[in-house]
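Thank you all for coming; please have a look at the model on the screen, and then I will take you through a few places in it.

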Amino acid sequence: MDCVYFGFTLDMDSSSGDAYKVEAYVLEEIFSEWGDPPSMSEVDKNANSATTSKETPCFSTSMNAEGTKPEVSTNSTIGNVSSATTSIDTPSTSTATNDDEPEQEAYTTSSTRRGGAEESKDDDQCLSPLERFRPGYLWVTDLTRQNWCEQQLYYSFTIPTIAEENPVMTAGTDYHLARELATHDIVKVDVQSSEDIWAVKMLNLHSAVCTFLHGGIVAREVPVFGAPFKEDILIVGLIDELRFDPSNYTIDLIELKTRLSSTMPSRSQRKQHNFQVSVYKTLFDDLVQGKVSKQFMASTLKINLHKELGDSIRGHAEKQFVVIKSLNDLMDIIFHKIQTLTCISQVFIEYVHQESKQTIGHMEVEYDAVKVSDLYKKYVKFWRGNRRADGVDIEDAWKCQRCDFNSICEWRKKKSAECEQRNKKNAKIK
């Protein structure tokens, strides 16, 4: 018999009861009408790391100075939830670069600048980077960019640059999308509010959870969110792939990275990728363990949990056999179901050669909760304004050669001066 359940069509063998053929879909947001734009902001995925990924908005909207109707720019569809958002960021797509470079934005910064390294207005200086550059929450992307070079991240916010599309970097996006479409279709859904947008993300998470609860073994483009390590900052991410082993009741995380070179990544890139997937695991595990508060999310996102969702959202929820009126109803259902799953057991990164589409290699990541927590808490201090941005360590100074901001980098000048002073001191001793 055929059974439609929670967004999946399951071909059931009436004799065995096994369910293997799964036709899934995820929802992609489109605005059916304009009024007050959503108060959210999505950001790029791995804008400064060496390979491809997908935490990327499909639409980017911005309000002009008068606060009138935003303009919409549309990119290629990627990811589980390609969002229409109010964003201060240039939309980006998945990336692939040379071995010794970070993942760059598909819309990269050009060496031609529209202005110098001027600071923003005095009132902006009183705000923390989280308030000044982000809408009160972060994407995992922001943390991985910090991991590559925090000073570069800061300059990307404060120095105006001309954005230009790099066709090479969009090739990774196409590969991600092909993998995604192998497991599910993408269905457009009208959204009319911030609550609708987050309901779409929740429904996509619900679909992934129900994949495992009802016979599926693979879920791709899985939204995750939470406030890890009790730091009270909302972090949002998008996991490439989760694989469920029903016999052992284990879940593995697989992150896909495409590369221009057919070699494995450098130490610095591996460090960045390891941190990224470790944060993903932390977010997913926190959801499973019931550590995520819907009230905290509502407060951070400035959304009304009890606001009635749009007809399109509720219609798609009903197709998943979920009858809801508000985001509060939906989150209660999802939080209950995801807590019946298990935490992620193993974490892997798969590296694929972009041109040949051949797998270069797999790398298992050993999750170290203490190490991830310490690094995360260090990064959070920057976002809260408790410390200034740091540059790279001396052994990673090679990164500066490919940085758009190397000619004006204060961190680089400071380290150069320190090195000069040490050399003079050593010369005197001799």
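In which loop is lysine 230 found? Lysine 230 sits in the loop between strand S10 (218-226) and strand S11 (235-245), where helices (H or I, at least four residues) and strands (E, at least two) are DSSP runs, numbered from the N terminus.

Before I go on, please keep in mind that this is a predicted model, in which local features need pLDDT of at least 70, side-chain atom pairs count only at pLDDT 80 or more, and totals for chains, interfaces and linings use all residues. Residues are numbered from 1 along each chain as its sequence is written, and side-chain values use heavy atoms, with hydrogens and water left out.

Lysine 230 is not a glycine, and yet it has a positive phi of about 55 degrees. Its relative accessibility is 79%, so lysine 230 counts as exposed (buried means under 20% relative accessible area, exposed over 50%, partly exposed in between, with a 1.4 Å probe and protein chains only).

Phenylalanine 321, a residue other than glycine, also has a positive phi, near 60 degrees. Phenylalanine 321 lies in the loop between helix H9 (311-319) and helix H10 (327-338), and with a relative accessible area of 51% phenylalanine 321 is exposed.

Let me finish with a pair of helices. The axes of helix H3 (residues 140-148) and helix H4 (residues 150-158) come within 5 Å and cross at roughly 125 degrees, the axes being lines fitted to C-alpha atoms, for helices over the stretch in contact, with angles that run from 0 to 180 degrees between N-to-C directions. H3 and H4 are therefore oblique to each other, given that angles under 35 degrees count as roughly parallel, over 145 as roughly antiparallel, 65 to 115 as roughly perpendicular and the rest as oblique.
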